[in-house]
Amino acid sequence: MTATAPAQTAPARRMWPLYAAGFTTAFGAHGVAANLGRFSGDAVTSLLVLGGLLALYDGAEVLLKPVFGTLADRVGAKPVLVGGLVAFAAASALYATAGSAGWLWAARLGQGAAASAFSPSASALVARLSPAAKRGRAFGSYGFHKSIGYTLGPLLGGLLVWAGGLRLLFTVLAVLGAAVALWSLLAVPAVPPLPKQRQTVLDLARRLADPVFLGPTAALAAATAALSVGVGFLPVSGAAAGLGAIATGAAVSALAATTAFVQPYAGRALDNGRLTTRTGLAAGLALTAAGLACAMLPGLVGVLLAAAVIGAGVGLITPLGFAALATGTPEERMGQTMGAAELGRELGDAGGPLLVAAVATAATLTYGYGALALLAAVGAVLAAVRRGGALAEAHQTE
């Protein structure tokens, strides 16, 4: 796959609405999910209902992100971005105004479908509005704001629900979505779709099976799987070790904060030539595997070490993975690539916890961490082998 230079470079201020869109999807996903079970007894009457509501948002993203990514290539990423944000605001307003259990299901489905539109569109615009030499920094900033949304979602969402119920949280999400939509409409440059050759299903399959796409996407999926496992299972390990809610909550916050703050530094290192995508992805996967191995240690030390090291690994992988995808993708297929990559992340988000839970059920949670650590370590080895093969090939052609 080849890429062409972006048609235009946006001033930094015009990138901010895209970062705000990343924050919106993360805050909306985790802010509601973290508070459904505790504060919505009238709508969530059982664990089965809770599971269904949680799966509804992610299920919509899995099915629709590749579709909207392709649509962004066809009609332009900005209309899909703005339309998705408007739809997110409208879906949030459904439950904010109605407040019944049935409307909660409709609102959550609508939020997931809307996020499927504006999330890959925002990623595609970050790529197309950034020159290749600055894409690492751009995706680092985008990932930073998205991680801040994941971090603040449970906390700020909990405060809003405590103050005014779940409907207040949905009201804030409706206002946030509408505000970012208006900001994007006014500030984000129009990036017209580019002409492209007709693509068959076989052509698409070949492009998605290309290591240029498959390697970074697999790394992003592994990182998301580790992040999801850390957020979901480190509190379980902490409780088993006799740690209180404050200590385990601090560990999860440390994981999210480390992920957020490492990303801009990783992106700048890539742009400055101090790091390559292959080396960075291999190092990030190795750190992620080491962090999962730390989770196997008992007590507070294991929990805190796991949170910090997993966070560093995920923070290293995320901007480098997206920058690699943007560099290796033709401009006219950027939305499709970002949608497919987001699908890979969603599969990792669901598959990581399922794998750890399955192994933990058969053995213990320690072995569950070990299984995912082994997969991440294998990924690191494969990335390192690919880098070694590329270097050897380069030397032979000199």
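Reader: How many cavities of 30 Å³ or more does the structure hold?

Author: A cavity is a set of points on a 1 Å grid, laid over the protein atoms alone, where a 1.4 Å probe fits but cannot get out. The structure holds 2 cavities of 30 Å³ or more. This is a predicted model, in which local features need pLDDT of at least 70 and side-chain atom pairs count only at pLDDT 80 or more, while totals for chains, interfaces and linings use all residues. Residues are numbered from 1 along each chain as its sequence is written, and side-chain values use heavy atoms, with hydrogens and water left out.

Reader: What is the volume of the largest cavity, and which residues lie closest to its centre?

Author: A volume is the space filled by probe spheres set on the grid points, which are joined across faces, edges and corners. For the largest cavity that comes to about 100 Å³. Lining residues are those with an atom within 4 Å of a point. Here there are 13, and Gly143, Lys146, Gln263, Thr318 and Arg345 are the closest to the centre.

Reader: Which elements give two or more residues to the lining of the largest cavity?

Author: Elements are DSSP runs numbered from the N terminus: helices are H or I with at least four residues, strands are E with at least two. For the largest cavity, the elements giving two or more lining residues are α5, α9 and α11. Helix α5 gives the most, with 6 residues.

Reader: How do the residues of that lining divide by class?

Author: Ala, Val, Leu, Ile, Met, Phe, Trp, Tyr, Cys and Pro count as nonpolar; Asp, Glu, Lys and Arg count as charged; the others, Gly among them, count as polar. The lining of the largest cavity has 6 nonpolar, 5 polar and 2 charged residues.

Reader: What lines the second largest cavity?

Author: The second largest cavity has a volume of about 80 Å³. Its lining has 15 residues, with Ala72, Asp73, Ala77, Arg128 and Glu331 nearest the centre. Helices α2, α4 and α12 each supply at least two of the lining residues, and the largest share, 3 residues, comes from α4. By class, this lining divides into 9 nonpolar, 2 polar and 4 charged.

Reader: Now the pockets. What is the volume of the largest pocket?

Author: A pocket is an open set of points with protein on both sides within 12 Å along at least five of seven lines. The largest pocket has a volume of about 1600 Å³. It is lined by 49 residues, and His30, Ala33, Ala34, Pro154 and Val231 lie nearest its centre. Helix α2 gives the most to this lining, with 9 residues. The lining divides into 24 nonpolar, 15 polar and 10 charged residues.

Reader: Which element gives the largest share of the lining of the second largest pocket?

Author: The second largest pocket has a volume of about 680 Å³. Of its 28 lining residues, Leu214, Gly215, Pro216, Ala218 and Ala219 are the closest to the centre. The largest share of the lining, 10 residues, comes from α8. The classes here are 19 nonpolar, 7 polar and 2 charged.

Reader: How many helices and strands are there in the chain?

Author: The chain has 13 helices and 0 strands.

Reader: At what angle do the axes of α3 and α6 cross?

Author: Two packed helices are described by the angle between their axes and the distance between the axes. Axes are lines fitted to C-alpha atoms, for helices over the stretch in contact, and angles run from 0 to 180 degrees between N-to-C directions. The axes of α3 (residues 77–98) and α6 (residues 166–187) come within 7 Å and cross at roughly 160°. That makes α3 roughly antiparallel to α6 (angles over 145 degrees; under 35 is roughly parallel, 65 to 115 roughly perpendicular and the rest oblique). The contact of α3 with α6 has 18 nonpolar, 5 polar and 2 charged residues.

Reader: How do the axes of α4 and α6 cross?

Author: The axes of α4 and α6 come within 13 Å and cross at roughly 30°. The two helices are therefore roughly parallel to each other.

Reader: Is Leu365 buried or exposed?

Author: Buried means under 20% relative accessible area, exposed over 50% and partly exposed in between, with a 1.4 Å probe and protein chains only. Leu365, in helix α13, is buried, with a relative accessible area of 18%. The C-alpha atoms of Leu365 and Val236 are separated by 9.0 Å, although the two residues are 129 residues apart along the chain. Over the chain, buried residues make up 50% of the 398 residues.
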